[in-house]
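This report goes through a single structure, from its sheets to its side-chain contacts.

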Amino acid sequence: MVVEYECRDGVALIHLNRPERLNAVVPALTDGLVDALTRAAADGAAVVVLAGRGRAFCAGHDLKEPEPVETVLETRARLERIQDVTRLTRRFPGVVIAAVHGYALGAGCEFALACDLVVADEGAQFGFPEVSVGLSVTGGISRLLPHLVGLAKAKELLLLGERVPAVEAAAIGLISRVAPAGEHEKVALDLAARIAARPRVAVSLAKRVLDLGLDATLEEALATEVDHALLTSLSGEGDAPREEFGRG
């Protein structure tokens, strides 16, 4: 199982489980995450905690996997499946908390930032390497990131692709809080228990009222990102950088 799920006392715990590949994204992981988020809503969970097994939260797309042989329509369907992770996270009636350690890069960073709260181990690193390997962001980041850190900083993060340590990420508003080494999941679960004990309707409305302005054009951002991702996948510009990245 590349995604693990359990639900207890109103808190659903989802683990990305490809530790041998730093939980890098492949279609099976995306499908598992979509299924787990859907199941959490069906189970009536008040809070979801999303974490990763092994040495990292998620190192982004698995560039060591063979390039899929697919039509443009198949590529679009695969990209839309990734967008569904953001859609389900944002639509979830309760709170979704990311518990991040190690790397949260590319799609992994996108998964984390789609969540309502992000708790990071003090050694965690965040980043968007897409441009450097000839790819384009997904997950609503074109809409979400400027709201978190401002337009100028968002452009810097995407254009340069530099990794941001957890303390700096908290300072610029990218994440919610930093936890001591090895405590990220415990801190996230403690927050989840506190939120789950609060009136559910009030919690849901508090999340919704803050997201209303942000989500007004999120669907447009998601659609545009798929168009851009299709263009970059067809351009061939990323072949050499991805080979270099994979060797690293």
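The sections below cover the model, the sheets, selected loop and helix residues, cysteines and salt bridges.

## Model and conventions

This is a predicted model, in which local features need pLDDT of at least 70, side-chain atom pairs count only at pLDDT 80 or more, and totals for chains, interfaces and linings use all residues. Residues are numbered from 1 along each chain as its sequence is written, and side-chain values use heavy atoms, with hydrogens and water left out.

## The six-stranded sheet

An open sheet of 6 strands runs in the order E1-E2-E3-E4-E6-E9, with mixed pairing. Strands E1 (3-8) and E9 (177-179) are at the edges; each has a single partner strand, so one side of each lacks a neighbour in the sheet. From one strand to the next, the twist averages 20°. Helices (H or I, at least four residues) and strands (E, at least two) are DSSP runs numbered from the N terminus, and two strands pair if DSSP finds at least two bridges between them.

Strand E3 (residues 47-52) pairs with strand E4 (residues 95-100) in the parallel sense, over 4 bridges. Val 49 has Ile 97 in E4 as its bridge partner. Helix H1 packs on this sheet and touches E1, E2 and E3, its direction making about 10° with that of E1. Contact here means heavy atoms within 4.5 Å; axes are lines fitted to C-alpha atoms, for helices over the stretch in contact, and angles run from 0 to 180 degrees between N-to-C directions.

## The three-stranded sheet

A further open sheet has 3 strands in the order E5-E7-E8, also with mixed pairing. Its edges are strand E5 (103-105) and strand E8 (164-165), each with a single partner strand, so one side of each is left without a neighbour in the sheet. E5 and strand E7 (residues 125-127) pair in the parallel sense over 3 bridges, and Tyr 103 stands opposite Gln 125 in E7.

## The loop between E2 and H1

Asn 17 lies in the loop between strand E2 (11-16) and helix H1 (27-42). Its side chain makes a polar contact of 3.2 Å with that of Glu 4. A polar contact is a pair of N or O atoms within 3.5 Å; within protein, one must be able to donate a hydrogen and the other to accept it, and residues adjacent in sequence count only if both atoms are side-chain atoms. Leaving aside residues up to four places away in sequence, Asn 17 touches Met 1, Val 2, Val 3, Glu 4, Asn 23 and Arg 53.

Most residues other than glycine have a negative phi. Phi of Leu 22, however, is near 55°, and Asn 23 has a positive phi of about 60°. Leu 22 is buried at 17% relative accessible area, and Asn 23 is buried at 0%. Buried means under 20% relative accessible area, exposed over 50%, and partly exposed in between (1.4 Å probe, protein chains only).

## Ala 107 and the cysteines

Ala 107 belongs to helix H3 (residues 107-113) and is buried, with a relative accessible area of 0%. Its C-alpha atom is separated by 7.6 Å from that of Ala 59, 48 residues apart along the chain. Not counting residues up to four places away in sequence, Ala 107 touches Val 25, Gly 60, His 61 and Glu 130.

The structure holds 0 disulfides (pairs of cysteine sulfur atoms within 2.5 Å). For Cys 58, the nearest cysteine sulfur is that of Cys 109, 9.8 Å away; Cys 58 is buried at 0% relative accessibility. The sulfur of Cys 115 is 11 Å from the closest cysteine sulfur, in Cys 109, too far for a bond. Cys 115 is buried, with a relative accessible area of 5%.

## Salt bridges

There are 17 salt bridges in the structure, each a side-chain nitrogen of Lys or Arg within 4 Å of a carboxyl oxygen of Asp or Glu. One of them joins Arg 53 and Glu 4 (2.7 Å, N to O). Arg 53 is in the loop between E3 and helix H2 (72-91) and Glu 4 is in strand E1, so the pair ties together parts 49 residues apart in sequence. Arg 53 is partly exposed at 32% relative accessibility, and Glu 4 is partly exposed at 24%.

Arg 87 and Glu 219 meet in a salt bridge of 3.2 Å, N to O, linking helix H2 to helix H9 (residues 218-235) across 132 residues. Arg 87 counts as buried at 13% relative accessibility, whereas Glu 219 is partly exposed at 41%.
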